[in-house]
Amino acid sequence: MTWRLGLARIAADRVMGQQTYEQELRRRAAVELGREWTVDDIAVRTLRSPLEGTRRLPSRLLADATPGLRRAAGRLLYRGHDVVHRLDLRLPPAPACEVLTIHDLAPWRFSDEGHTPPDAASSARRAAVVICPSQYAADEVSWRLGVSDPVPIHNGVNAAFFDATPLSHVELDALGIRQPFILHAGGCTGRKNLAGLAAAWPTVRRERPDVSLVLMGPHDPRRSELFGPLDATVCIGMVIDELVARIMAAATVVVVPSTYEGFGLPAVEAMAAGVPVVASDRSSLPEVCGNAAFLVEPDATGLAGGLIAALEMGPDVKAMIARGRERAESFTWEASVAAHAALWRSCIP
């Protein structure tokens with residue numbers, strides 16, 4: 001007998017942490033499950049969206065439609081699937097056995113992180129299995145949403161980061177980057193704490209006037225407002241996937257100043273690339289980084305102190321880099337998808 005799994009996602013125009021996770025599941029699920037399973041990519045887009053996808057839905061079904069209307073949409077959207085893995089809480093819930101991934105609860109905590117449909121919490125409680133990318137996230141989902149026994153499964157790190165060849169000086173110059181540089185890779189919402197990094201930067205600059213700060217991520221006027229007036233900072237925007245690992249490998253330090261993360265993939269990617277990490281000592285980051293990063297108070301003093309220490313490149317920093325490489329090797333997409341597959345199989349009687 002053949003079982004049918006639907007991997008349901010919302011079409012996106014850029015690849016961030018969540019989209020990386022979705023890509024890896026789609027790429028590996030069929031091989032991991034074997035010939036007894038068929039895996040379908042259900043890429044949902046709104047009626048007027050120019051993005052590539054396999055299904056269209058009115059935008060209100062992803063936002064503020066009534067629970068009854070969303071359940072009806074789910075019956076149509078996932079028709080014919082034995083198991084549905086809903087990869088975003090905004091998607092309508094599935095009538096069949098449902099696995100649900102909740103990366104974090106940022107919309108409940110931060111006003112600039114969008115909002116979830118009114119049935120988000122109740123539909124999470126009805127899912128057969130809820131997956132979170134860290135124990136921290138799982139504990140929060142259990143406490144805040146009342147989900148019983150969410151399962152923590154860490155994300156992996158792409159092998160390209162372990163083998164990345166740093167960009168040459170010529171290639172860096174073409175992007176407006178000069179070495180040595182500190183790299184921040186990610187978004188610009190409040191929880192990313194770029195305001196704290198901006199406040200720390202003048203102190204770092206006074207101690208290390210040779211170092212610049214490179215900010216890589218989607219265009220956001222808040223980033224320009226924060227860093228435009230500061231010396232030796234450059235915003236390079238989004239770059240093609242093939243360059244991300246090579247830019248990271250060329251960095252002297254990677255900084256993750258976030259006050260809230262469900263996982264914190266850039267920290268693991270930097271460790272895999274052999275680059276020292278300075279990260280906030282908040283949310284999931286201590287769990288993910290362990291003893292392989294400078295974990296600091298996410299304010300101007302803490303971030304500046306951590307960055308200055310990491311830039312020294314003394315024996316302690318070199319030992320931390322070695323620990324980071326070893327730790328990153330434990331975060332594999334093979335292990336992550338295998339754990340997901342066990343849960344998909346558990347949904348079949």
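Guide: Start with a rule for angles: those from 65 to 115 degrees count as roughly perpendicular. Keep in mind that this is a predicted model.

Now look at helix α1, residues 17–33, and helix α14, residues 333–346. Their axes come within 9 Å. They cross at roughly 65°. The two helices, α1 and α14, are therefore roughly perpendicular to each other. Their crossing is right-handed.

Which residues of α1 and α14 meet? From α1 come Thr20, Tyr21, Glu24, Leu25, Arg28, Ala29, Glu32 and Leu33. From α14 come Trp333, Glu334, Val337, Ala338, His340, Ala341, Trp344 and Arg345. Sorted by class, the contact of α1 with α14 has nine nonpolar, two polar and five charged residues.

Helix α10 covers residues 265–272, and helix α13 covers residues 315–328. Their axes come within 7 Å and cross at roughly 115°. That makes α10 roughly perpendicular to α13. The crossing of α10 and α13 is left-handed. On the α10 side, the contact is made by Val268, Met271 and Ala272. On the α13 side, Gly324, Arg325 and Ala328 take part. By class, this contact of α10 with α13 has four nonpolar residues, one polar and one charged.

Next, the sheet. Strands of a sheet pair through backbone hydrogen bonds, either parallel or antiparallel. Here, six strands form an open sheet with parallel pairing. Read across, the order is β10-β9-β8-β11-β12-β13. Which strands stand at the edges? They are β10 (233–237) and β13 (294–296). Each has a single partner strand, so one side of each is left without a neighbour in the sheet. From one strand to the next, the twist averages 20°.

Zoom in on one pairing. Strand β11 spans residues 253–256, and strand β12 spans residues 277–280. The two run parallel, and three bridges join them. Follow Val254 to its bridge partner in β12: that partner is Val277.

Helix α9, residues 241–250, lies across β8 (181–185), β9 (212–216), β10 and β11. Relative to β8, α9 runs at about 145°.

How values were computed:
Residues numbered from 1 in each chain as written. Predicted model: local features only at pLDDT ≥ 70, side-chain atom pairs only at ≥ 80, totals over all residues. Heavy atoms only, no water. Axes fitted to C-alpha atoms, helices over the stretch in contact; angles between N-to-C directions. Helix = DSSP H or I, 4+ residues; strand = E, 2+ residues; numbered from the N terminus. Parallel < 35°, antiparallel > 145°, perpendicular 65-115°, else oblique. Left-handed = near helix turned anticlockwise from the far one by under 90°. Contact = heavy atoms within 4.5 Å. Nonpolar A, V, L, I, M, F, W, Y, C, P; charged D, E, K, R; others polar. Pairing = 2+ DSSP bridges.
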